[in-house]
Amino acid sequence: MAQPSNDDNDELLLSCRYGDLEDAQNFVKQFGKEALTDIRDQNGNCILHMACGNCHLDLLDYLLPLVPPSLLSTQNNSGSTPLHWAAVNSHLDVVQKLVQFPDGPGIDLIDIKNKAGHSPLAEAEFAGWDEGAKWLVQMMKLDPEEKSGNVDAPEDEDTVPEAAHNIEVEIEDADGQIAKMSISGGGDSKEP
């Protein structure tokens, strides 16, 4: 296949920024999906930064199966990933697609910090986007045993799993500010 020129790459970045699915499809037909991987703008943003920051779900659905999973965690010159951009712009559907993409890094994306020391969760909090911050916290593995994969199943049906209780979470951001959040486990608790 032919190699795309710098102008072709710039056009694709603009297509991803403005959500032009047809132009992106034509680029892949002409240059192949491999050409998508290394395209960056002058600030180090890849095609996923553009699509995610602007909430182009149809374009994201098209691109995710074509790009290597590592592109989901690609950091631009400021250290921000496409998930950071989705969080800054309060795009819950995009945040969910990125974190839940079957072949992607999953919840590990939530822990990536940019050069300012902010994770996507912190960016959601700074943006005042409570819905997104709450969803990201719910996706995180906060229990140390859960992180190591040592979660035991309840021994009998009278035992209420820890996830069924309300959980109070306090998160300290890079500036030392504390954000408090209550997460409902959704279960009915049983009194002894």
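Mentor: Gladly, and let us start with Met-139, which sits in helix 8 (residues 130-139). Helices are DSSP runs of H or I with at least four residues, strands are E runs of at least two, and both are numbered from the N terminus. Please keep in mind that this is a predicted model, where local features need pLDDT of at least 70, side-chain atom pairs count only at pLDDT 80 or more, and totals for chains, interfaces and linings use all residues. Residues are numbered from 1 along each chain as its sequence is written, and side-chain values use heavy atoms, with hydrogens and water left out.

Trainee: Why is Met-139 called partly exposed?

Mentor: Buried means under 20% relative accessible area, exposed means over 50%, and partly exposed lies in between (1.4 Å probe, protein chains only). Met-139 has a relative accessible area of 27%, so it is partly exposed.

Trainee: Which residues are in contact with Met-139, leaving aside its neighbours within four places in sequence?

Mentor: They are Val-99, Gln-100, Ile-107 and Ile-110, where contact means heavy atoms within 4.5 Å. Gly-106 is 33 residues from Met-139 along the chain, and their C-alpha atoms are separated by 9.4 Å.

Trainee: What makes Asn-76 buried?

Mentor: Its relative accessible area is 9%, so Asn-76 falls under the 20% limit and is buried. Asn-76 belongs to the loop between helix 4 (57-63) and helix 5 (82-88). Beyond its neighbours within four places in sequence, Asn-76 is in contact with Asn-43, Gly-44, Asn-45, His-49 and Trp-85.

Trainee: Which residues form the negative surface patch?

Mentor: Asp-7, Asp-10, Glu-11, Glu-22 and Asp-23 form the patch. Helix 1 (6-18) and helix 2 (21-31) each give two or more residues to it, and helix 1 provides the largest share, three residues. Patch residues have over 30% relative accessible area and no salt bridge, and like charges are joined within 9 Å. Asp and Glu count as negative.

Trainee: Why does Glu-22 count as exposed?

Mentor: Glu-22, in helix 2, has 56% relative accessibility; that is over 50%, so Glu-22 counts as exposed.

Trainee: Why are Cys-55 and Ser-90 called partly exposed?

Mentor: Cys-55 has 29% relative accessibility, so it counts as partly exposed. Ser-90, at 33%, is partly exposed by that rule as well.

Trainee: What does the chain as a whole look like in terms of helices and strands?

Mentor: It has nine helices and two strands, running α-α-α-α-α-α-α-α-α-β-β from the N terminus. Of the 192 residues, 39% count as buried. Among contacts with a separation of 6 or more, 65% come from residues 24 or more positions apart.

Notes: Patches are made of residues with over 30% relative accessible area and no salt bridge: like charges are joined within 9 Å, nonpolar side chains (Val, Leu, Ile, Met, Phe, Trp, Tyr) within 5 Å. Accessible areas come from the Shrake-Rupley method with a 1.4 Å probe; for residues, only the protein chains shown count as cover. A salt bridge is a side-chain nitrogen of Lys or Arg within 4 Å of a carboxyl oxygen of Asp or Glu. The place of a charge is taken as NZ of Lys, CZ of Arg, CG of Asp or CD of Glu.
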